[in-house]
Amino acid sequence: MDSVLAKGLVVRVGGSNSNITGFVSLYHLNDAVVLKSVPSKFRKGSKLACRVLSKSGRKNLQLTAKPTLVNMNEDQVITSWEEITKQGQQVTGFITKVLERTIYVTLFGNVHGACVVSEDENYCV
């Protein structure tokens with residue numbers, strides 16, 4: 001880790017000699033809950049397993065440290081709509097917004113989708 005900020009971590013990607021950094025927000029530090037502050041276990045100079053969620057520009061990387069996303073097999077990672085090839089295909093992402101009947105989900109590479117909750121059942125359609 002390069003630095004610990006109030007809203008997340010700046011992580012140097014590719015080792016200490018790299019000039020590429022990414023940001024891990026509080027939302028992406030764990031699977032369980034959204035943290036209000038960075039836990040003390042995250043210290044400058046320590047190592048952290050991350051995965052790139054998205055990039056904008058040459059060096060602006062959004063990273064995740066959520067174990068569920070970091071430990072996914074490469075064949076499970078969806079980075080574009082073209083990779084969703086059949087109706088009913090299950091994909092892994094993270095919830096970005098919840099409304100009364102709609103759950104917004106983001107996958108890797110800024111692929112976004114909405115899941116409408118069925119009125120008759122307790123699942124998304």
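Me: Is N110 buried, partly exposed or exposed, and what is its relative accessible area?
Reply: Happy to start there, and please keep in mind that this is a predicted model. N110 sits in the loop between strand 7 (102-106) and strand 8 (112-116). Buried means under 20% relative accessible area and exposed means over 50%, with partly exposed in between. N110 falls in that middle class, so the answer is partly exposed, at 45%.

Me: How many aromatic pairs does the structure hold, and is the pair of Y27 and F94 stacked, edge-to-face or tilted?
Reply: The structure holds 1 aromatic pair. Y27 and F94 form it, with 6.0 Å centre to centre and 55° between the planes. Stacked needs planes under 30 degrees apart and edge-to-face needs over 60, the rest being tilted. The angle of 55° therefore makes this pair tilted.

Me: How many residues apart are Y27 and F94 in the chain?
Reply: Y27 belongs to the loop between strand 3 (21-25) and strand 4 (51-56). F94 is in strand 6 (residues 94-98), so the pair links distant parts of the chain. They are 67 residues apart.

Me: Which residue has its charged end over the ring of Y27?
Reply: Y27 has another partner besides F94. A charged end sits 4.4 Å from the centre of the Y27 ring. That end belongs to K66.

Me: What is the distance between the closest N and O atoms of D2 and R12?
Reply: A search of the whole structure finds 2 salt bridges, and D2 with R12 is one of them. D2 lies in the segment before strand 1 (3-5), while R12 is in strand 2 (residues 8-12). Both are partly exposed, D2 at 25% and R12 at 27%. Their closest N and O atoms are 2.8 Å apart.

Me: Which residue forms a salt bridge with R51, and is that partner buried or exposed?
Reply: R51 is in strand 4, and its partner lies 23 residues away in the loop between helix 1 (67-70) and strand 6. The closest N and O atoms are 2.7 Å apart, and the partner is E74.

Methods. Residues are numbered from 1 along each chain as its sequence is written. This is a predicted model: local features need pLDDT of at least 70, side-chain atom pairs count only at pLDDT 80 or more; totals for chains, interfaces and linings use all residues. Side-chain values use heavy atoms; hydrogens and water are left out. Rings of Phe, Tyr and Trp (its six-membered ring) pair if their centres lie within 6.5 Å; planes under 30 degrees apart count as stacked, over 60 as edge-to-face and the rest as tilted. Helices (H or I, at least four residues) and strands (E, at least two) are DSSP runs, numbered from the N terminus. A charge sits over a ring if NZ of Lys or CZ of Arg is within 6 Å of the ring centre and within 35 degrees of the ring normal. Buried means under 20% relative accessible area, exposed over 50%, partly exposed in between (1.4 Å probe, protein chains only). A salt bridge is a side-chain nitrogen of Lys or Arg within 4 Å of a carboxyl oxygen of Asp or Glu.
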